[in-house]
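Me: I'm new to reading protein structures. Could you go through this one with me?

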Amino acid sequence: MKKTALITGATSGIGEATAYEFAKQGINLVLCGRRLERLNTIQKALERLTDVYILNFDVRNKKEAFKAIESLPDKFKNIDILINNAGNAHGLDPINEGSIDDWDAMMDINVKGLLYVSKAIIPQMTDQKSGHIINIGSSAGKEVYPKGNVYCASKHAVLAITEGMRIDLNPYGIKVGAINPGLVETEFSQVRFKGDKMADSVYKGFKALQAKDIAEVIYFVVSRPAHVNIADVLMFCTAQANSTLVKKSL
Ligand code: NDP
Ligand code: 8X3
(Lines give C-alpha, C1' and ligand atoms only; values in the text may rest on other atoms or scores of the structure.)
(Ligands and ions follow the chains in the order given, each with its own letter.)
Protein backbone atom coordinates (compact mmCIF):
# COMPACT_ATOMS: atom_id res chain seq x y z
CA MET A 1 0.00 0.00 0.00
CA LYS A 2 1.21 3.48 -0.84
CA LYS A 3 2.15 5.59 2.16
CA THR A 4 1.06 9.16 2.71
CA ALA A 5 3.43 11.85 4.02
CA LEU A 6 2.53 15.30 5.30
CA ILE A 7 5.37 17.80 4.91
CA THR A 8 5.27 21.25 6.50
CA GLY A 9 7.30 24.01 4.85
CA ALA A 10 7.02 22.31 1.47
CA THR A 11 7.20 25.54 -0.55
CA SER A 12 11.00 25.80 -0.58
CA GLY A 13 14.34 24.38 0.52
CA ILE A 14 14.43 21.12 2.43
CA GLY A 15 10.65 20.63 2.48
CA GLU A 16 10.27 21.11 -1.25
CA ALA A 17 13.23 18.81 -2.00
CA THR A 18 11.71 16.17 0.29
CA ALA A 19 8.42 16.45 -1.60
CA TYR A 20 10.26 15.77 -4.88
CA GLU A 21 12.21 12.86 -3.37
CA PHE A 22 9.09 11.28 -1.85
CA ALA A 23 7.10 11.76 -5.08
CA LYS A 24 9.86 9.97 -7.00
CA GLN A 25 9.49 7.08 -4.56
CA GLY A 26 5.71 6.97 -5.04
CA ILE A 27 4.71 8.32 -1.62
CA ASN A 28 1.41 10.25 -1.59
CA LEU A 29 1.84 13.80 -0.42
CA VAL A 30 0.12 16.43 1.66
CA LEU A 31 2.14 19.60 1.14
CA CYS A 32 1.81 22.54 3.51
CA GLY A 33 2.95 26.16 3.50
CA ARG A 34 1.75 29.76 3.41
CA ARG A 35 2.68 30.57 -0.20
CA LEU A 36 -0.27 29.15 -2.11
CA GLU A 37 1.08 29.88 -5.56
CA ARG A 38 4.17 27.81 -4.87
CA LEU A 39 2.08 24.98 -3.45
CA ASN A 40 0.02 24.99 -6.65
CA THR A 41 3.13 24.90 -8.83
CA ILE A 42 4.73 22.06 -6.88
CA GLN A 43 1.47 20.10 -6.86
CA LYS A 44 1.24 20.44 -10.63
CA ALA A 45 4.83 19.28 -11.08
CA LEU A 46 4.51 16.26 -8.78
CA GLU A 47 1.06 15.02 -9.78
CA ARG A 48 2.69 13.18 -12.66
CA LEU A 49 4.42 10.97 -10.10
CA THR A 50 2.03 10.61 -7.18
CA ASP A 51 -1.17 11.91 -5.56
CA VAL A 52 -0.74 15.35 -4.08
CA TYR A 53 -2.99 17.44 -1.83
CA ILE A 54 -2.11 20.91 -0.61
CA LEU A 55 -2.90 22.64 2.67
CA ASN A 56 -2.38 26.37 2.85
CA PHE A 57 -1.95 27.53 6.46
CA ASP A 58 0.39 29.26 8.87
CA VAL A 59 1.70 26.84 11.51
CA ARG A 60 1.63 29.68 14.07
CA ASN A 61 -2.14 29.77 13.88
CA LYS A 62 -3.42 26.95 16.08
CA LYS A 63 -7.02 27.12 14.80
CA GLU A 64 -5.98 27.27 11.14
CA ALA A 65 -3.57 24.36 11.57
CA PHE A 66 -6.19 22.08 13.14
CA LYS A 67 -8.89 23.15 10.68
CA ALA A 68 -6.64 22.49 7.70
CA ILE A 69 -5.60 19.04 8.90
CA GLU A 70 -9.19 18.11 9.81
CA SER A 71 -10.28 19.14 6.30
CA LEU A 72 -8.17 16.47 4.60
CA PRO A 73 -10.26 14.28 2.28
CA ASP A 74 -10.51 10.57 3.16
CA LYS A 75 -7.87 9.62 0.61
CA PHE A 76 -5.23 11.73 2.42
CA LYS A 77 -6.49 11.48 6.00
CA ASN A 78 -4.25 8.66 7.17
CA ILE A 79 -0.82 10.20 7.55
CA ASP A 80 1.91 7.56 7.78
CA ILE A 81 4.84 9.99 7.78
CA LEU A 82 4.93 13.47 9.28
CA ILE A 83 7.86 15.70 8.35
CA ASN A 84 7.90 18.66 10.74
CA ASN A 85 10.11 20.93 8.67
CA ALA A 86 8.51 24.43 8.63
CA GLY A 87 10.81 26.86 10.34
CA ASN A 88 13.42 29.52 9.96
CA ALA A 89 15.88 31.72 11.79
CA HIS A 90 14.86 35.35 12.17
CA GLY A 91 17.79 37.67 12.79
CA LEU A 92 21.34 37.06 14.01
CA ASP A 93 21.93 39.46 16.87
CA PRO A 94 23.55 39.36 20.30
CA ILE A 95 20.92 38.67 22.95
CA ASN A 96 21.10 42.24 24.26
CA GLU A 97 20.19 43.59 20.82
CA GLY A 98 17.73 40.93 19.60
CA SER A 99 14.24 41.82 18.42
CA ILE A 100 11.29 40.49 20.38
CA ASP A 101 9.36 40.04 17.13
CA ASP A 102 12.16 37.78 15.84
CA TRP A 103 12.16 35.80 19.08
CA ASP A 104 8.37 35.38 18.91
CA ALA A 105 8.57 34.25 15.28
CA MET A 106 11.18 31.57 16.00
CA MET A 107 9.49 30.20 19.10
CA ASP A 108 6.02 30.36 17.53
CA ILE A 109 7.01 28.69 14.25
CA ASN A 110 9.89 26.36 15.08
CA VAL A 111 8.57 25.12 18.41
CA LYS A 112 4.87 25.84 18.88
CA GLY A 113 3.97 25.34 15.20
CA LEU A 114 5.67 21.95 15.26
CA LEU A 115 3.67 21.05 18.37
CA TYR A 116 0.32 22.16 16.89
CA VAL A 117 0.79 20.13 13.70
CA SER A 118 1.97 17.12 15.69
CA LYS A 119 -0.99 17.38 18.07
CA ALA A 120 -3.38 17.39 15.12
CA ILE A 121 -1.84 14.28 13.56
CA ILE A 122 -0.66 12.09 16.45
CA PRO A 123 -4.13 10.82 17.55
CA GLN A 124 -4.63 9.17 14.22
CA MET A 125 -1.18 7.55 14.47
CA THR A 126 -1.84 6.28 18.00
CA ASP A 127 -5.19 4.85 16.81
CA GLN A 128 -3.47 3.04 13.96
CA LYS A 129 -0.57 2.03 16.22
CA SER A 130 1.90 3.06 13.53
CA GLY A 131 3.49 6.13 12.06
CA HIS A 132 6.78 7.93 11.62
CA ILE A 133 7.56 11.48 12.72
CA ILE A 134 10.70 13.26 11.54
CA ASN A 135 11.48 16.61 13.10
CA ILE A 136 13.93 18.85 11.27
CA GLY A 137 16.23 20.13 13.98
CA SER A 138 19.65 21.61 13.28
CA SER A 139 23.27 21.51 14.31
CA ALA A 140 22.07 24.65 16.15
CA GLY A 141 20.05 22.28 18.33
CA LYS A 142 23.24 20.62 19.50
CA GLU A 143 25.56 23.63 19.85
CA VAL A 144 25.01 27.32 20.54
CA TYR A 145 26.94 29.75 18.36
CA PRO A 146 27.53 33.49 18.79
CA LYS A 147 24.34 35.49 18.13
CA GLY A 148 22.44 32.25 17.56
CA ASN A 149 20.82 32.46 21.03
CA VAL A 150 17.05 32.13 20.41
CA TYR A 151 17.28 30.21 17.12
CA CYS A 152 19.59 27.72 18.86
CA ALA A 153 17.16 27.57 21.78
CA SER A 154 14.28 26.81 19.42
CA LYS A 155 16.25 23.97 17.82
CA HIS A 156 17.39 22.63 21.23
CA ALA A 157 13.67 22.54 22.04
CA VAL A 158 12.98 20.60 18.82
CA LEU A 159 15.50 17.98 19.95
CA ALA A 160 13.98 17.74 23.43
CA ILE A 161 10.50 17.41 21.92
CA THR A 162 11.78 14.72 19.54
CA GLU A 163 13.18 12.69 22.43
CA GLY A 164 10.00 13.17 24.44
CA MET A 165 7.86 12.09 21.48
CA ARG A 166 10.00 9.00 20.94
CA ILE A 167 9.57 7.94 24.56
CA ASP A 168 5.85 8.69 24.83
CA LEU A 169 4.87 7.28 21.42
CA ASN A 170 7.04 4.17 21.69
CA PRO A 171 4.18 2.05 23.15
CA TYR A 172 2.18 2.78 19.99
CA GLY A 173 4.88 1.59 17.60
CA ILE A 174 5.40 5.12 16.26
CA LYS A 175 8.94 5.91 15.11
CA VAL A 176 10.32 9.36 15.95
CA GLY A 177 13.62 10.88 14.91
CA ALA A 178 15.39 14.14 14.14
CA ILE A 179 17.53 15.20 11.21
CA ASN A 180 19.96 17.93 12.19
CA PRO A 181 21.77 19.62 9.30
CA GLY A 182 24.47 22.25 9.40
CA LEU A 183 24.53 24.90 6.67
CA VAL A 184 22.11 24.12 3.83
CA GLU A 185 21.83 26.45 0.85
CA THR A 186 18.12 27.34 0.78
CA GLU A 187 16.04 30.48 1.34
CA PHE A 188 16.96 30.18 5.03
CA SER A 189 19.47 33.06 5.02
CA GLN A 190 17.19 35.28 2.91
CA VAL A 191 14.63 34.91 5.68
CA ARG A 192 17.14 35.23 8.53
CA PHE A 193 18.59 38.48 7.12
CA LYS A 194 15.21 39.73 5.80
CA GLY A 195 16.43 39.99 2.23
CA ASP A 196 19.60 41.91 3.19
CA LYS A 197 22.59 41.29 0.87
CA MET A 198 24.37 39.75 3.88
CA ALA A 199 22.38 36.60 3.00
CA ASP A 200 24.29 36.24 -0.29
CA SER A 201 27.62 35.81 1.49
CA VAL A 202 26.57 32.94 3.79
CA TYR A 203 27.16 30.13 1.30
CA LYS A 204 30.08 31.74 -0.58
CA GLY A 205 33.57 30.20 -0.67
CA PHE A 206 32.55 26.63 0.10
CA LYS A 207 30.06 24.02 -1.03
CA ALA A 208 27.22 23.99 1.47
CA LEU A 209 24.79 21.10 1.84
CA GLN A 210 22.00 21.25 -0.73
CA ALA A 211 18.33 20.67 0.10
CA LYS A 212 18.42 17.46 -1.96
CA ASP A 213 21.19 16.07 0.28
CA ILE A 214 18.89 16.34 3.26
CA ALA A 215 15.88 15.00 1.34
CA GLU A 216 17.80 11.86 0.37
CA VAL A 217 18.71 11.19 4.00
CA ILE A 218 15.10 11.76 5.06
CA TYR A 219 13.94 9.20 2.49
CA PHE A 220 16.61 6.76 3.68
CA VAL A 221 15.35 7.16 7.26
CA VAL A 222 11.68 6.60 6.37
CA SER A 223 12.43 3.64 4.13
CA ARG A 224 14.18 1.45 6.75
CA PRO A 225 12.57 -1.85 7.74
CA ALA A 226 9.84 -1.78 10.41
CA HIS A 227 12.20 -2.73 13.25
CA VAL A 228 14.74 0.06 12.53
CA ASN A 229 14.34 3.60 13.85
CA ILE A 230 17.07 6.13 13.06
CA ALA A 231 16.70 8.40 16.07
CA ASP A 232 19.10 11.21 15.28
CA VAL A 233 21.20 12.35 12.34
CA LEU A 234 23.76 15.18 12.45
CA MET A 235 25.01 16.14 9.01
CA PHE A 236 27.45 18.77 7.78
CA CYS A 237 28.95 19.65 4.43
CA THR A 238 32.59 18.61 4.18
CA ALA A 239 33.80 22.18 4.68
CA GLN A 240 31.97 22.52 7.99
CA ALA A 241 33.40 21.00 11.19
CA ASN A 242 30.89 22.42 13.67
CA SER A 243 28.51 25.34 14.05
CA THR A 244 31.25 27.96 13.86
CA LEU A 245 34.07 26.35 11.89
CA VAL A 246 33.68 26.54 8.11
CA LYS A 247 36.64 26.18 5.76
CA LYS A 248 36.14 28.86 3.10
CA SER A 249 38.35 29.19 0.06
CA LEU A 250 37.80 32.95 -0.23
P1 NDP B 1 13.45 27.75 3.64
O2 NDP B 1 13.31 29.17 4.08
O3 NDP B 1 13.87 27.46 2.27
O4 NDP B 1 12.09 26.96 3.94
C5 NDP B 1 11.33 27.20 5.08
C6 NDP B 1 9.95 26.60 4.88
O7 NDP B 1 9.18 26.79 6.09
C8 NDP B 1 9.19 27.27 3.75
O9 NDP B 1 8.53 26.28 2.99
C10 NDP B 1 8.18 28.14 4.47
O11 NDP B 1 6.97 28.19 3.72
C12 NDP B 1 7.93 27.34 5.76
N13 NDP B 1 7.45 28.21 6.82
C14 NDP B 1 8.11 29.21 7.41
N15 NDP B 1 7.32 29.84 8.29
C16 NDP B 1 6.11 29.22 8.24
C17 NDP B 1 4.87 29.40 8.90
N18 NDP B 1 4.71 30.38 9.80
N19 NDP B 1 3.85 28.58 8.60
C20 NDP B 1 4.00 27.60 7.69
N21 NDP B 1 5.14 27.37 7.02
C22 NDP B 1 6.18 28.17 7.31
O23 NDP B 1 14.47 27.10 4.70
P24 NDP B 1 15.01 25.60 4.88
O25 NDP B 1 14.46 24.68 3.88
O26 NDP B 1 16.46 25.70 5.05
O27 NDP B 1 14.40 25.29 6.31
C28 NDP B 1 13.59 24.17 6.60
C29 NDP B 1 13.90 23.68 8.02
O30 NDP B 1 15.27 23.28 8.09
C31 NDP B 1 13.72 24.75 9.10
O32 NDP B 1 13.12 24.15 10.22
C33 NDP B 1 15.15 25.17 9.41
O34 NDP B 1 15.28 25.67 10.70
C35 NDP B 1 15.88 23.85 9.22
N36 NDP B 1 17.30 23.93 8.99
C37 NDP B 1 17.81 24.69 7.97
C38 NDP B 1 19.18 24.73 7.77
C39 NDP B 1 19.81 25.61 6.72
O40 NDP B 1 21.01 25.91 6.86
N41 NDP B 1 19.11 26.00 5.70
C42 NDP B 1 20.10 23.94 8.60
C43 NDP B 1 19.46 23.19 9.64
C44 NDP B 1 18.11 23.17 9.81
P45 NDP B 1 6.05 29.48 3.52
O46 NDP B 1 6.92 30.69 3.64
O47 NDP B 1 5.44 29.29 2.16
O48 NDP B 1 5.04 29.36 4.62
C1 8X3 C 1 20.59 26.28 10.27
C2 8X3 C 1 22.06 26.12 10.34
O3 8X3 C 1 24.19 27.13 11.36
O4 8X3 C 1 22.66 28.63 10.23
O5 8X3 C 1 19.95 25.64 11.31
O6 8X3 C 1 22.09 27.72 12.38
S7 8X3 C 1 22.76 27.48 11.13
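Me: Which strands does helix α9 lie across?

Reply: This is a predicted model, by the way. In it, helix α9 (residues 211-222) lies across β4, β5, β6 and β9. Against β6, the helix runs at about 160°.

Me: What makes β6 and β9 a pair?

Reply: Two strands pair if there are at least two bridges between them. Four bridges join β6 (residues 174-181) to β9, so they count as a pair, and they run parallel. Asn 180, for instance, stands opposite Leu 234 in β9.

Me: And why are β3 and β9 called edge strands?

Reply: The open sheet has seven strands, in the order β3-β2-β1-β4-β5-β6-β9, with parallel pairing. β3 (52-56) and β9 (232-235) each pair on one side only. Direction ignored, neighbouring strands are turned by 15° against each other on average.

Me: How do you know which strands β4 pairs with?

Reply: Count bridges again. Three join β1 (residues 4-7) to β4, and four join β4 to β5 (residues 131-136). Both clear the cut-off of at least two, so both count as pairs. Ala 5 stands opposite Ile 81 in β4, while Leu 82 has Ile 133 as its bridge partner in β5. From β4 the chain crosses through helix α5 (residues 100-128) to β5, in a right-handed β-α-β crossover.

Me: What makes you say both faces of β4 are covered?

Reply: In a regular strand, side chains alternate between the two faces of the sheet. Here Ile 81 and Ile 83 sit on one side, Leu 82 and Asn 84 on the other, and all are buried.

Definitions and conventions: Residues numbered from 1 in each chain as written. Chains lettered and ligands numbered in written order. Predicted model: local features only at pLDDT ≥ 70, side-chain atom pairs only at ≥ 80, totals over all residues. Buried ≥ 20, exposed ≤ 12 C-beta atoms within 10 Å, placed from the backbone. Right-handed = clockwise from strand over helix to strand, strands pointing away. Axes fitted to C-alpha atoms, helices over the stretch in contact; angles between N-to-C directions. Contact = placed C-beta atoms within 7 Å.
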